[in-house]
Amino acid sequence: MIEDLRTLVEVESPSRDPDALRASAEAVAAVIESRLGGRAVLVESEAGPHVYWSAGGDPSVLILGHHDTVFPLGTLERRPFTVRDGRATGPGVFDMLGGLVQGVHGLATLEDRSGVEILVTADEEVGSRFSRTLIEERALACGAVLVLEGAADGGPLKTGRKGCGTFRVSIRGRASHAGLEPAAGVNALVEAAHQVLDISALGRPDIGTTVTPTVASAGTLDNVVPAEATVIVDVRIETAEEKERVEAAFAALAPHLAEARIVVQGAISRPPMPESASAELFAVAERLLPGIDGTAVGGGSDGNFTAALGVPTLDGLGAVGGGAHADHEYLLIEAMAERAGLVAGLVNAVRNGTRR
């Protein structure tokens, strides 16, 4: 597993880089084929190739993951794959190349893999725009989904996830000389400040809704009244009702300054994954690995899509470690075999109809 992990990490795979993602998809396909046999197919998309493998037979369980990472090309040179003191480090080891390796090696321990499918997408980190339809199609066909995203902090499986989305609020004002004619302008930065306060007030943390302005930009020169500004907002929700409320509130944003104009783009693109979607599969995991914990988390994954369809979905079956999207990202070596075995046990339980 460590050598397969090294292979995947050393093929850098930043989202939105089709050439890098093609090389990564080919590496993932090669690992799958070498460990499981058969043929892993590259499914072309505008985002880059997804990887699909089927053991044949009636579909019964989908193993779901992604091979794109958030790290730009060149990160590997600065932070090479390393194994030291029981930890593997390097770009993507935790999110989520380690999980892919564990899933494949878990399946490799099964003599009968019929009914199992693997889908490894190329655009999860940027919203799954070009993989969502395929994910939903295969999830419905299989009827159960195991997601190889990294475990929650300390090792629990992820039994629920918030829905999430991103909004872009663009503000148009009017430029003028900041010293000679400041009143002749319409200050887009001042309008943005008003909007940030209005947007922040949309949050309802008491019911799990967070609305967080994350990136803002405005202006061109220090002596010019800004004509344009932009605010990017991260939104997380726990219920479908909150999706409707928050999206309506963004659509209703109105300018505070006369002659300022506002354009809002975006939506809550990943629906919530309720804990009820994972209950049946998590109960199996508890029988297979007594003492394992489960927890709901704020981050989204492709499991949100499958759970929203009513397909039983269990997430966080990948690497045990931490530091997703950060330079200190790591994977605990000692947990790899156990979690690979858990995937294999869950697959057997689903295929044998022993989930309940």
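**Cavities**

Reply: About 70 Å³ of space lies in the largest cavity. This is a predicted model, where local features need pLDDT of at least 70, side-chain atom pairs count only at pLDDT 80 or more, and totals for chains, interfaces and linings use all residues. Residues are numbered from 1 along each chain as its sequence is written, and side-chain values use heavy atoms, leaving out hydrogens and water.

Me: How many cavities of 30 Å³ or more does a search of the whole structure find?

Reply: A cavity is a set of points on a 1 Å grid over the protein atoms alone where a 1.4 Å probe fits but cannot get out. Volume is the space filled by probe spheres set on the points, which are joined across faces, edges and corners. With the cut-off at 30 Å³ or more, the count is two.

Me: Which element gives the largest share of the lining of the largest cavity?

Reply: Lining residues have an atom within 4 Å of a point. Among them are Leu 100, Val 101, Gly 103 and Val 104. Helices here are DSSP runs (H or I, at least four residues), numbered from the N terminus. The largest share, four residues, comes from H4.

Me: What volume does the second largest cavity have?

Reply: Its lining includes Leu 8, Glu 12 and Phe 71. By class, this lining has seven nonpolar, two polar and one charged residues; Ala, Val, Leu, Ile, Met, Phe, Trp, Tyr, Cys and Pro count as nonpolar, Asp, Glu, Lys and Arg as charged, and the others as polar. The volume of the second largest cavity is about 40 Å³.

Methods: On a 1 Å grid over the protein atoms alone, a cavity is a set of points where a 1.4 Å probe fits but cannot get out, and a pocket is an open set with protein on both sides within 12 Å along at least five of seven lines; lining residues have an atom within 4 Å of a point. Helices (H or I, at least four residues) and strands (E, at least two) are DSSP runs, numbered from the N terminus.
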